[in-house]
Amino acid sequence: MAPLTTLGIGGPARWFVEAASEGEVAEACECARERGVPLFVLGGGSNVLVSDSGFNGLVLRVAIESLELKGELLRASAGVAWERCVEQSTIAGLAGIECLAGIPGTVGGTPVQNVGAYGQEVASVIDRVRAFDRMAHEFVEFSNAECGFAYRKSRFNSTDRGRYVVTQVDYRLRRRGAPALAYGDLKAYFREWKRQPSLTEVADAVREIRRSKGMLLVKGDPDCRSAGSFFKNPAIVPEAAERVRKFAAHTGVSVRMFAADGGRVKIPAAWLIEHAGFAKGYAMGAAGISSRHTLALINRGGATSAEILALAGKIRKAVEDKFGIKLEMEPERVGF
Ligand SMILES: Cc1cc2nc3c(=O)[nH]c(=O)nc-3n(C[C@H](O)[C@H](O)[C@H](O)COP(=O)(O)OP(=O)(O)OC[C@H]3O[C@@H](n4cnc5c(N)ncnc54)[C@H](O)[C@@H]3O)c2cc1C
């Protein structure tokens with residue numbers, strides 16, 4: 001499965017099928033069910049860490065590809081590359097996903113972890129998600145509220161993990177909407193501009209910023225052989241935040257924190273990792289930290305999933321020992 005993932009890691013799938021229609025999705029699920037075979041749904045492979053021994057079951061790759069723009073509604077099948085959606089919508093003058101430019105993967109992957117970046121997330125534009133229910137063996141539709149979206153979370157990667165195969169997503173965008181310029185890096189990019197940038201200019205700026213951080217898939221860039229951010233930004237209790245603040249004051253460094261749900265405080269995982277002793281470019285065998293982004297663990301060439309997990313474990317332990325905060329992994333582990 002290595003060539004089907006952006007990390008370039010993973011052993012073989014016992015069975016593999018590419019479904020180009022909803023009928024084929026249902027057929028593949030039925031086939032796995034009848035034989036009692038575990039099934040894993042693969043999109044663009046940009047948010048997975050596949051085991052070196054592969055997956056002992058059926059890997060179903062959703063390859064349904066249709067994209068339709070009707071008024072402010074963008075309807076896309078699960079196999080469409082996400083970047084195509086961003087391109088089409090920004091060209092059409094529809095706001096809502098311009099800051100999500102340059103995120104690899106497919107439409108089907110976007111509701112799963114509520115993809116987000118640079119001040120936007122898909123939860124704010126998803127209207128409906130159509131999916132195949134592997135338990136009830138029928139197609140179902142979820143409204144936005146039924147998807148249970150939160151930070152990097154939805155019912156699809158939490159309570160109902162593995163139950164649904166997403167086949168289509170409707171995004172409700174805004175005609176003549178202003179581009180979202182909420183994020184620091186983006187604001188800085190346009191600081192000198194005398195006019196409001198267009199949606200395509202904002203999307204291009206996001207791609208450029210991403211490229212500079214190795215967070216855009218660029219052929220030959222060793223820093224993008226990753227699964228994006230490897231850890232989620234933790235939402236910690238106020239006492240833990242206080243400990244971090246004290247540490248920062250004591251060592252004379254600044255730390256940015258943000259209010260999160262339930263009185264919690266969100267803190268950048270990258271900050272914790274750096275102050276636990278890991279610099280950009282840190283290497284441990286063939287696994288490493290991107291030289292331009294502390295949150296991205298990379299395959300430096302020939303890395304195994306065991307090496308990536310060993311590095312992740314070392315980072316988690318150091319952060320926990322130093323700050324008492326447990327980092328949670330973002331990519332899905334497959335075949336472990
Ligand atoms: C360089 C780089 C930068 C990134 N930047 C960001 C970022 O800024 N923000 C962000 O949120 N993410 C980011 N990511 C992570 C990743 O791109 C997204 O999470 C993406 O949406 C994953 O989609 P995918 O199709 O590749 O899913 P996959 O990696 O194939 O799968 C991920 C999960 O989604 C499930 N899944 C995929 N398709 C379906 C489907 N049709 N039905 C049901 N389940 C499905 C899989 O079973 C798995 O659990 C980045 C990754 C890389 C490599």
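Biologist: In which loop is G281 found?

Modeller: The model is predicted: local features need pLDDT of at least 70, side-chain atom pairs count only at pLDDT 80 or more, and totals for chains, interfaces and linings use all residues. Residues are numbered from 1 along each chain as its sequence is written. Helices (H or I, at least four residues) and strands (E, at least two) are DSSP runs, numbered from the N terminus. On that numbering, G281 belongs to the loop between helix 6 (269–275) and strand 17 (283–284).

Biologist: How many other C-beta atoms lie within 10 Å of G281?

Modeller: With C-beta atoms placed from the backbone, a residue is buried if 20 or more others lie within 10 Å of its own, exposed if 12 or fewer, and partly exposed in between. G281 is partly exposed because its count is 13.

Biologist: Which residues does G281 touch, not counting those up to four places away in sequence?

Modeller: Two residues are in contact if their C-beta atoms, placed from the backbone, lie within 7 Å. R300, 19 residues apart from G281 in sequence, has its C-alpha 10 Å from that of G281. The residues that G281 touches are I289 and S291.

Biologist: Is S290 buried or exposed?

Modeller: S290 is placed in the loop between strand 18 (287–289) and strand 19 (297–299). Because 24 other C-beta atoms lie within 10 Å of S290, this residue is buried.

Biologist: What distance separates the C-alpha atoms of S290 and M215?

Modeller: Beyond its neighbours within four places in sequence, S290 has contacts that include G214, D223 and K280. M215 is 75 residues from S290 along the chain, and their C-alpha atoms are separated by 9.4 Å.

Biologist: What value is phi of Y118 near?

Modeller: Y118 lies in the loop between strand 8 (116–117) and strand 9 (120–121), and is buried, with 23 other C-beta atoms within 10 Å. N114, in the loop between strand 7 (94–95) and strand 8, has a positive phi of about 45° although it is not a glycine. N114 is buried too, with 21 other C-beta atoms within 10 Å. For Y118, also a residue other than glycine, phi is positive and near 50°.

Biologist: What is the strand order of the open sheet of 5 strands?

Modeller: Two strands pair if DSSP finds at least two bridges between them. The pairing in this sheet is antiparallel, and the order is 5-6-12-10-11.

Biologist: Which are the edge strands of this sheet?

Modeller: Strand 5 and strand 6 pair in the antiparallel sense over 4 bridges, with E68 opposite R75 in strand 6. An edge strand pairs on one side only, as do strand 5 (67–70) and strand 11 (138–143).

Biologist: How many residues of strand 12 are buried?

Modeller: Strand 12 (164–172) is joined to strand 6 (residues 73–77) by 5 antiparallel bridges, A76 having V169 as its partner. Strand 10 (residues 126–133) runs antiparallel to strand 12 over 7 bridges, and F132 stands opposite V165. Strand 12 is largely enclosed by the rest of the structure, because its buried residues number 7 of the 9.

Biologist: At what angle does helix 1 run to strand 12?

Modeller: Axes are lines fitted to C-alpha atoms, for helices over the stretch in contact, and angles run from 0 to 180 degrees between N-to-C directions. Helix 2 (residues 82–91) lies across strand 5 and strand 6, at about 25° to strand 5. Helix 1 (residues 22–35) lies across strand 10, strand 11 and strand 12, and its angle to strand 12 is about 150°.

Biologist: Which element gives the largest share of the shell around the ligand?

Modeller: A residue is near a molecule or strand if its C-beta atom, placed from the backbone, lies within 6 Å of it. The ligand is surrounded by 34 residues, and G43, G105, G108, G109 and G228 are the closest. Strand 2 (39–42), strand 8 and strand 12 each give two or more residues to this shell. The largest share, 3 residues, comes from strand 12.
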